Amino acid sequence: MIQIIIFSKDRALQLELLLRSMKEYFIGLENYKVNILYTYSNENYRLGYEKLKKIHNDIFYKKEKSFKTDLIEMVDQNKKYLMFLVDDIIFKEKFDASLLQNMTEGTICFSLRLHPNLKWCYALDCEISKKPKFIRNSEFLLFSYTGAQGDYGYPMSIDGNIYHTSDIEDKLKRLYYTGPNELEGALSNNNISKNEMMCLYKSALFNNPCNKVQTCINNPSGYISPLYLNGMFLDGYKIDLEPYRGFENISCHQEVDIRLIKT
């Protein structure tokens with residue numbers, strides 16, 4: 001039913017936390033194929049990914065050669081839903097994939113990153129002072145993104161949104177992009193022509209932007225060195241998941257301290 005594609009560069013340690021947290025909080029994940037499209041800058045980062053593959057050997061890994069070509073080859077048009085993730089995301093609440101049966105053809109996406117109590121947009125460095133009008137169901141919410149502020153008005157994120165594959169696959173073939181940030185930009189400039197989005201009462205995940213590994217877009221981020229984190233991973237450390245369990249984030253992207261523990 002769902003195909004999951006994760007983008008990663010030079011961040012095997014952070015990706016390990018994503019996979020570990022996703023396996024705990026994504027109910028039914030064992031029924032779906034998790035695909036990772038990854039690349040690295042040097043040999044040390046390559047060794048990080050080789051270690052990761054041994055820890056999470058139930059995942060499909062593809063070393064990037066041509067980002068767009070590789071991505072198109074990964075997408076299975078026979079799967080109804082397509083979910084994108086990036087490697088500095090952390091799952092923190094349960095998500096039951098059976099909720100997708102409520103995602104109608106008129107819905108752009110089911111967002112695991114949004115919830116009704118967001119107060120800040122990290123990417124735009126601005127307060128979210130006005131919330132959209134939510135239609136409440138027992139387990140999820142519906143709202144229109146048209147005219148909404150901050151992340152509520154940004155439906156084409158690759159940070160944990162689930163789309164209808166049929167809405168996305170033609171765009172992936174037609175648009176120009178060479179990496180994840182350009183992909184998101186291209187999708188955002190070519191929105192799916194629907195207005196309705198879905199989200200949870202508590203977001204299932206959030207993005208901890210503690211560093212930056214791309215140079216094409218000057219996104220805000222923290223300054224924890226990816227090289228340092230990779231070295232710690234190779235030395236036998238992992239990121240502790242405990243501080244993030246049930247974390248009540250006020251922004252989709254929120255810098256939170258990283259606690260390393262010896263494995």
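## Asp87 and its neighbours

The side chain of Asp87 makes a polar contact with the side chain of Arg11, at 2.9 Å. A second polar contact, at 2.8 Å, links the side chain of Asp87 to that of Ser8. (A polar contact here is a pair of N or O atoms within 3.5 Å; within protein, one must be able to donate a hydrogen and the other to accept it, and residues adjacent in sequence count only if both atoms are side-chain atoms.) Before going on, know that this is a predicted model, in which local features need pLDDT of at least 70 and side-chain atom pairs count only at pLDDT 80 or more, while totals for chains, interfaces and linings use all residues. Residues are numbered from 1 along each chain as its sequence is written, and side-chain values use heavy atoms, with hydrogens and water left out.

So where does Asp87 sit? You'll find Asp87 in the loop between E5 and strand E6 (89-91). (Helices, H or I with at least four residues, and strands, E with at least two, are DSSP runs numbered from the N terminus.) Asp87 is buried, with a relative accessible area of 2%. (Buried means under 20% relative accessible area, exposed means over 50%, and partly exposed is in between, using a 1.4 Å probe and protein chains only.) Leaving aside residues up to four places away in sequence, Asp87 touches Ile6, Phe7, Ser8, Lys9, Arg11, Gln14, Leu15, Leu18 and Tyr49. (Touching, or contact, means heavy atoms within 4.5 Å.)

## The sheet

Now for the strands. An open sheet of nine strands runs in the order E4-E3-E1-E5-E13-E8-E14-E12-E11, with mixed pairing. E4 and strand E11 (135-136) stand at the edges with a single partner strand each, so one side of each has no neighbour in the sheet. (Two strands pair if DSSP finds at least two bridges between them.) Strands of a sheet pair through backbone hydrogen bonds, either parallel or antiparallel.

Take a few of these pairs. E1 and E3 run parallel and are joined by six bridges; here Phe7 has Leu37 in E3 as its bridge partner. E8 also runs parallel to strand E14 (residues 196-199), with four bridges between them, and Phe110 is partnered there by Met198 in E14.

E3 is well wrapped up: six of its six residues are buried. Val34, Ile36 and Tyr38 are buried on one side, and Asn35, Leu37 and Thr39 are buried on the other.

What does H2 look like? Helix H2 (residues 43-55) has 13 residues and reaches 19 Å from its first C-alpha to its last, close to the 18 Å expected at 1.5 Å a residue. (The expected span is 1.5 Å times one less than the number of residues.) At the start of H2, a side-chain oxygen of Asn42 comes to within 3.1 Å of the backbone nitrogen of Asn44.

Which residues of H2 are buried? They are Tyr45, Gly48, Tyr49 and Leu52. These residues cover an arc of only 95° around the axis, which puts them on the same side of H2. (The arc is that of the directions from the helix axis to the C-beta atoms.) Here's the background: an α-helix has 3.6 residues a turn, so residues three or four places apart point the same way. The buried residues of H2 pack against strand E1 (2-9), helix H1 (12-25), strand E3 (34-39), strand E4 (60-63) and helix H6 (226-234).

Leu227 is found in helix H6 and is partly exposed, at 47% relative accessible area. Leu227 and Asn44 are 183 residues apart in sequence, yet 8.4 Å apart in space, C-alpha to C-alpha.

Two aspartates have a positive phi. Asp10, in the loop between E1 and H1, has a phi of about 60° although it is not a glycine. For Asp125, in the loop between strand E9 (120-121) and strand E10 (126-127), phi is near 55°. Buried or exposed? Asp10 is buried at 6% relative accessibility, whereas Asp125 is exposed, with a relative accessible area of 57%.
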